[in-house]
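Hi,

Here is the structure I promised to pass on.

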Amino acid sequence: MPDSLNRMVITPELNYDQLTIPEATLIQQQLRGHLNLEPLQKGIQTIAGADISLALYSETVYAGLVVLSYPELQPISYSLVKSSTIFPYVPGYLAFREIPAILKAYEQLPVKPDVVMFDGNGILHGRRMGIASHFGVLTGAVTMGCAKKKLAGQYGEPGASKGEYTHVTDKGEVIGYAVRTKDHVKPVFISPGHKMSLEDSLTLALKCTGKHRLPEPTRHAHEYVNRFRIGALAEGYYEVERWRLF
DNA sequence: GCGACAG
DNA sequence: ATCTTGTCGC
């Protein structure tokens with residue numbers, strides 16, 4: 001890999017805007033060699049959801065992470081950062097468009113979450129390097145993906161009840177799951193990103209599922225960045241206020 | 001060439 | 001993803 005591209009992979013101040021698709025593909029192939037899909041190594045006490053919101057035809061992106069307590073799933077802190085991107089949305093290369101902004105929000109967190117769940121895929125990707133895996137390898141964080149639509153592979157329709165799931169396979173290997181998180185609602189696509197196993201991602205996704213289709217981490221993240229974009233929340237790091245009865 | 005195609 | 005209005009259901 002050319003040195004110029006290698007710097008793009010390890011530099012804290014990422015700038016993917018000038019990359020061509022062939023160069024981005026090379027970076028994904030390089031990062032793939034550092035993937036770790038072994039089982040979780042420690043207990044989980046916090047899990048964050050990461051997402052971005054943007055206005056149509058605008059290069060401004062509103063990124064954020066919402067950290068939840070686990071297994072209670074109550075928001076305890078959040079980080080919001082306004083940034084910009086010109087890298088277009090290209091299926092299979094979402095990471096190059098969203099990671100720079102999400103990384104800034106992540107760096108703004110004084111205490112990192114035990115797991116980060118992305119609105120997108122982990123290894124459920126043609127080159128096994130979706131945004132969750134890309135971010136994980138880049139930062140060393142434990143990550144997983146939860147997409148609302150299938151990006152790659154084949155799968156059978158899971159049963160209609162909440163909790164039922166099927167394998168998503170590609171080229172003979174299981175790369176994720178189609179999970180029914182709510183009765184009679186379209187399934188979501190779950191896959192490990194980094195530092196967790198396929199089974200870990202499925203277990204965590206189900207434990208993070210409440211009364212909505214989307215798991216609590218990404219559901220809250222989506223809600224927060226949208227409120228940030230419309231001006232209801234300001235950029236910065238905050239700890240959620242709570243009314244305690246003792 | 002044709003169909004698929006995260007956000 | 002975002003743009004949009006109403007509508008059906010818990």
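In this predicted model, helix 3 crosses helix 4 in a right-handed sense. Helix 3 covers residues 94-107 and helix 4 covers residues 131-139; their axes lie 10 Å apart, at an angle of about 50 degrees. That angle makes helix 3 oblique to helix 4.

If you want to find the contact on screen, look on the helix 3 side for Leu94, Ala95, Phe96, Glu98, Ile99, Ile102, Leu103 and Tyr106. Their partners in helix 4 are Ile131, His134, Phe135, Leu138 and Thr139. Sorted by type, the residues of this contact are ten nonpolar, two polar and one charged.

Several of those names come back in the largest nonpolar core, which has 33 residues. Leu65, Phe96, Ile99, Ile102, Tyr106, Phe118 and Phe135 have the most contacts inside this core. At least two core residues come from each of helix 2 (21-32), strand 1 (46-54), strand 2 (60-69), helix 3, strand 4 (115-118) and helix 4. Helix 3 gives the largest share, with eight residues.

Now for some backbone details. The peptide bond between Tyr70 and Pro71 is cis, and its omega is near 10 degrees. Pro71 sits in the loop that runs between strand 2 and strand 3 (75-84).

Is Arg128 buried or exposed? With a relative accessible area of 5%, Arg128 is buried. Lys195 has its phi near 60 degrees and lies in the loop between strand 9 (188-194) and helix 5. Its relative accessible area is 32%, so Lys195 counts as partly exposed.

Last, a word on Thr203, which is part of helix 5 (residues 198-207). Thr203 has a relative accessibility of 43% and therefore counts as partly exposed.

Best wishes

Terms used
Residues are numbered from 1 along each chain as its sequence is written. Chains are lettered from A and ligands numbered from 1 in the order in which they are written. This is a predicted model: local features need pLDDT of at least 70, side-chain atom pairs count only at pLDDT 80 or more; totals for chains, interfaces and linings use all residues. Side-chain values use heavy atoms; hydrogens and water are left out. Axes are lines fitted to C-alpha atoms, for helices over the stretch in contact, and angles run from 0 to 180 degrees between N-to-C directions. Helices (H or I, at least four residues) and strands (E, at least two) are DSSP runs, numbered from the N terminus. Angles under 35 degrees count as roughly parallel, over 145 as roughly antiparallel, 65 to 115 as roughly perpendicular and the rest as oblique. A crossing is left-handed if the near helix is turned anticlockwise from the far one by less than a right angle, and right-handed if clockwise. Contact means heavy atoms within 4.5 Å. Ala, Val, Leu, Ile, Met, Phe, Trp, Tyr, Cys and Pro count as nonpolar, Asp, Glu, Lys and Arg as charged, and the others, Gly among them, as polar. A nonpolar core is a set of buried Ala, Val, Leu, Ile, Met, Phe, Trp, Tyr and Cys residues joined through side-chain atoms within 4.5 Å. Buried means under 20% relative accessible area, exposed over 50%, partly exposed in between (1.4 Å probe, protein chains only).
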